[in-house]
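This report walks through one protein chain, part by part, for a reader who is new to protein structure. Please keep the sequence and the 3D view at hand while reading.

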Amino acid sequence: RTLLDKTILRGFDRVIAVSEQTRERLGGFGLSDKRVRIIPNALKTALYPPISTAERDQARRQLHISPSD
């Protein structure tokens, strides 16, 4: 959370978040829930089924992404 991020976000009347988690993160920048609208990403799960936890964990290890990121 940089000063630049906070300054830029304050200039917007509304901000779109793709999830509740994103909305919560934006709250850390000082944005009220009234200014954040959630519009989820659209994805056809029939074409792109969710991966298993084991597959996700393997991909994270291969990409050197920690479990907390």
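Leu 4, Ile 8 and Phe 12 together make a nonpolar surface patch of about 300 Å². A patch of this kind is built from residues with over 30% relative accessible area and no salt bridge, where nonpolar side chains (Val, Leu, Ile, Met, Phe, Trp, Tyr) are joined within 5 Å and like charges within 9 Å. A salt bridge, in turn, is a side-chain nitrogen of Lys or Arg within 4 Å of a carboxyl oxygen of Asp or Glu. The areas come from the Shrake-Rupley method with a 1.4 Å probe, and for residues only the protein chains shown count as cover.

Phe 12 is placed in the loop between helix H1 (3–10) and strand E1 (15–17). Its relative accessibility is 42%, and Phe 12 therefore counts as partly exposed, a class that lies between buried (under 20% relative accessible area) and exposed (over 50%), judged with a 1.4 Å probe and protein chains only.

## How the model is read

This is a predicted model, in which local features need pLDDT of at least 70 and side-chain atom pairs count only at pLDDT 80 or more, while totals for chains, interfaces and linings use all residues. Residues are numbered from 1 along each chain as its sequence is written, and side-chain values use heavy atoms, with hydrogens and water left out.

## The chain as a whole

The protein chain has 3 helices and 2 strands, and along the sequence these elements follow the pattern α-β-α-β-α. Helices (H or I, at least four residues) and strands (E, at least two) are DSSP runs, numbered from the N terminus.

The radius of gyration of the protein chain is 16 Å, whereas a compact globule of 69 residues would have a value near 11 Å; the radius is taken over C-alpha atoms, and the globule rule is 2.2 Å times the number of residues to the power 0.38. Along the principal axes, the C-alpha atoms fill a box of roughly 40 × 30 × 15 Å. Of the 69 residues, 14% count as buried, and the accessible surface comes to about 6,100 Å², of which 55% belongs to carbon and sulfur atoms. Among the contacts (heavy atoms within 4.5 Å) with a separation of 6 or more, 14% are accounted for by residues 24 or more positions apart.

## The nonpolar core

Which residues make up the largest nonpolar core? There are 7 residues in all, namely Leu 9, Val 15, Ala 17, Leu 26, Phe 29, Leu 31 and Val 36. A nonpolar core is a set of buried Ala, Val, Leu, Ile, Met, Phe, Trp, Tyr and Cys residues joined through side-chain atoms within 4.5 Å. In soluble globular proteins, nonpolar side chains tend to be buried together.

Leaving aside residues up to four places away in sequence, Val 15 touches Leu 9, Leu 26, Leu 31, Arg 35, Val 36 and Arg 37.

## Two salt bridges

A search of the whole structure finds 2 salt bridges. In one of them, Glu 20 is paired with Arg 23, and the closest N and O atoms are 3.6 Å apart. Because Glu 20 and Arg 23 are 3 residues apart in helix H2 (residues 20–27), they are separated by about one helical turn. Glu 20 is partly exposed, with a relative accessible area of 38%, whereas Arg 23 is buried, at 17%. Not counting residues up to four places away in sequence, Arg 23 touches Ala 17, Asp 33, Val 36 and Ile 38.

The side chains of Arg 56 and Asp 57 also meet in a salt bridge, at 3.2 Å from N to O. Arg 56 is partly exposed, at 41% relative accessibility, and Asp 57 is partly exposed as well, with a relative accessible area of 29%.

Lys 34 lies in the loop between H2 and strand E2 (36–38) and is exposed, with a relative accessible area of 75%. Lys 34 and Lys 44 are 10 residues apart in sequence, and their C-alpha atoms are 29 Å apart in space.

His 64 is found in the segment after helix H3 (53–62), where its phi is near 60°, a positive value in a residue other than glycine. His 64 is exposed, with a relative accessible area of 74%. Pro 67 is also placed in the segment after H3, and at 79% relative accessibility Pro 67 counts as exposed. The C-alpha atoms of Pro 67 and Thr 53 are separated by 12 Å, with the two residues 14 residues apart along the chain.
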